[in-house]
Amino acid sequence: MADEADLLERLRQQGISRRSFLKYCAGLASLLALPPAMAPRIAEALERARRPAVIWLSFQECTACTESLTRSFSPTLENLIFNVLSLDYHHTLQAAAGRHAEDARRQSMEANRGKYILVVEGSIPVAEGGVYSTIAGISNLDMLRETAAGAAAIVSVGTCAAYGGLPHARPNPTGAVPVSEILADRTIVNVPGCPPIPVVISGVIAHVLTFGRVPELDDLGRPTVFYGQTIHDRCYRRPFYDRNLFAEQFDDEGARNGWCLYKLGCKGPTTRNACATEKWNQGTSFPIQSGHPCLGCSEPDFWDAGSFYQALTAPPVDVAKWVVPAIGVGVAAGAAAGLANRLRKARAERRRQPLAADDVKGGEG
Amino acid sequence: MNTMEMLAWVRGPGLVLSLSILVIGVGVRLVEMLLLGRKPDLSEPRVAHSGGYGWRTILTRSVLPSSACVRYRRIEFLTGYVFHLGLFLVVFFFVPHILLIEAVTGLSWPGLAAGLVDGVTLITLAALLLAFWFRLTDPVRRFLSRFNDWYALAITFLPVLTGYLAYHRLLGEYNTLLVLHILSVEVLLASLPFTRLMHGFTLWFSRWYTGQMAGRRGVKV
Amino acid sequence: MSSLQDIAVPGITVPPSDGLSGNVLALLHEIASLLTALAEEGAPGSIDLRGLPLLPGEREVLKTVLGDGEVVAVIDALGETRVTETRLAGVWWVRHADPAGETIAEFIEVTPCPAILKSDPRDMREAGVALREQLAEWTGGATGGDDGR
């Protein structure tokens, strides 16, 4: 049975040599920011990995996360990892439809109970009992709960699944929530991004396969290996920030010279992701390299955090609207207090009775 | 509440709240103080128009250190100047700060390089610590210091410290430090009208009166 | 520690100082200390070039400074892996590419010989077995080899 053979054996059947395998493990170690000396250990662990089943649930999403992954397919690391997976349910990619698709999901859950990896793309609407998004008559909420029960690991791919994303943006008519809110008692690996970087998605799965556990996560449930540093800290344009060289407009000299995009609204300083180092489209570029400020798409509520094109320090609310009236309130209150003081003084003045020294009898005063 | 939610709060509602407290507080105190007026001085003035002395005093006491003051406590005097000038540069010439002011008021001006502001911040921190040390070790000033004085020093020091830590990602991750930085600034803003930090507004009036009164009495200013 | 000039290597070219940015200099210092560790303790080391926030062009400057040495090996394994010894003995530039020619990993390895060049013991054993089986087939005689896996 192909499913029972170990990874190296399957790869050899595909004509992949041990050196190729070692090379990919070196790439994986590099990707996971492990010391290069770890490559042989990864090779050893992966050699023994059984073919894991993956169930990929798509809820309130735009499929860009899947697109990000499938578009990255030259025979690279992502391909290698996905060749060794058994993608049992993914309603965009699978041939089956309707009841047959759902049967495939239930069969896989049954056969791999406690062993499969659950990947969720998209947020889950919970308003009105979850009627806003259903698949085969099953609400997203029910499908998630049912499928999560037997999963060995749960990965939220994309900002929608991780933090609610666009559906969760104000006014959130569908009551969209992230996976972590529904499965509060489970460890969820969040792989946010709109969409996430493909190698980050595959890297997380590779980590689970290699080490048999989820990677180290930060306080927002993200693997620190990919989300450990801000875009700003790893940005090749950082020296321009430090030297006060900014693009002020999209077509000015600074923009042409590739200076820092902070003033154009770059959210790099508060955004944690691997774009600055992993880049996109087989390492071609990333937004900042292409001259566009970072939107902060891998952070919760990036959609509601103020304009994309206003500097990070600009408040996301109209401060003047509140503070200008407050000045009036302050001045009016001060004037009222001042007038009250004057009235008191005037009253005291009126009540004052002239007193001559002779009027005072000893001991008083 | 995660870090990003806290950041969103301090950048939005927190800022509005603290700025509102600031402007209401400053408005009430300034207008009330000015409406109190001054007692008429019935003495014969030595100089006909003493207002000019007031303006001159604002200038001399703010820009040019008077030799009489410097003579006694040279280091303390210098420390005060350094941290005030440092605060001014850091607050008003760090580019992200200018962008905040621009977004709120529409006013903008050129900033200093982040690396330079970094150096100024370090000097300012050192000067503030020195000011704290002088207040702590000098028996007279220590005796005169009350909670308000220590509090004012602390809320001035913390925004600079947290800003420095955030810039260098020291003792924590950036977003947490940024939240603490903004929060400490908001505590400062909201406390300003009710502490001795109100001198940022009142000193101009008091300096003018000091100069004017001195001029009227024929005292050299 | 020691600077690049302290390493006695003939023929190393250092570009004009304006071409050497902070990142390149820092990497050269790291290579220098890795070389010392290799020479004194025999400990191999490597620098992962992924994730270094190098400015555009800095990688090329680094490559120019290190230059090409005597050995170039090309491994054809799911894309090309090119192993180049630099002008500094023991300092290898290893670039793994996928079949489309995109870099998947790039290292500077400081070692007598990069691991990927060495043949794997299991592969060697299997090769021996396979050769004996082949010989047996050709000569019709029995060989004493073990079974393959």
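Reader: What should I know about the numbering and the confidence limits?
Author: Residues are numbered from 1 along each chain as its sequence is written, while chains are lettered from A and ligands numbered from 1 in the order in which they are written. As this is a predicted model, local features need pLDDT of at least 70 and side-chain atom pairs count only at pLDDT 80 or more, whereas totals for chains, interfaces and linings use all residues.

Reader: How many helices and strands does chain C have?
Author: Chain C has 3 helices and 5 strands; these are DSSP runs, H or I of at least four residues for helices and E of at least two for strands, numbered from the N terminus. From the N terminus on, their order is α-β-α-β-β-β-β-α.

Reader: What is the strand order in the sheet of chain C?
Author: The sheet is open, with 5 strands in the order β1-β5-β4-β3-β2 and antiparallel pairing, where two strands pair if DSSP finds at least two bridges between them.

Reader: Which strands stand at the edges?
Author: β1 (45-48) and β2 (72-76) of chain C do, each with a single partner strand, so one side of each lacks a neighbour in the sheet.

Reader: And how many bridges join β4 to β5 in chain C?
Author: Strand β4 (residues 91-97) and strand β5 (residues 103-110) of chain C are joined by 7 bridges. Within this pair, C:Arg95 has C:Glu106 in β5(C) as its bridge partner.

Reader: Turning to chains A and B, how many residues are in contact?
Author: 38 residues of chain B are in contact with 38 residues of chain A, contact meaning that C-beta atoms, placed from the backbone, lie within 7 Å.

Reader: Which helix of chain B gives the most to that side?
Author: α2(B) does, with 16 residues. The side of chain B that touches chain A divides into 25 nonpolar, 10 polar and 3 charged residues. Here Ala, Val, Leu, Ile, Met, Phe, Trp, Tyr, Cys and Pro count as nonpolar, Asp, Glu, Lys and Arg as charged, and the others, Gly among them, as polar.

Reader: How many residues are in the largest nonpolar core?
Author: That core has 116 residues, and those with the most contacts inside it include A:Cys25 and A:Ile154. Such a core is a set of buried Ala, Val, Leu, Ile, Met, Phe, Trp, Tyr and Cys residues joined through C-beta atoms within 7 Å, and buried means 20 or more other C-beta atoms within 10 Å of a residue's own.

Reader: What does A:Ile154 touch?
Author: Not counting residues up to four places away in sequence, A:Ile154 touches several residues, among them A:Leu118, A:Val179 and A:Arg186.

How values were computed. Two residues are in contact if their C-beta atoms, placed from the backbone, lie within 7 Å. A residue is buried if 20 or more other C-beta atoms lie within 10 Å of its own, exposed if 12 or fewer, and partly exposed in between; C-beta atoms are placed from the backbone.
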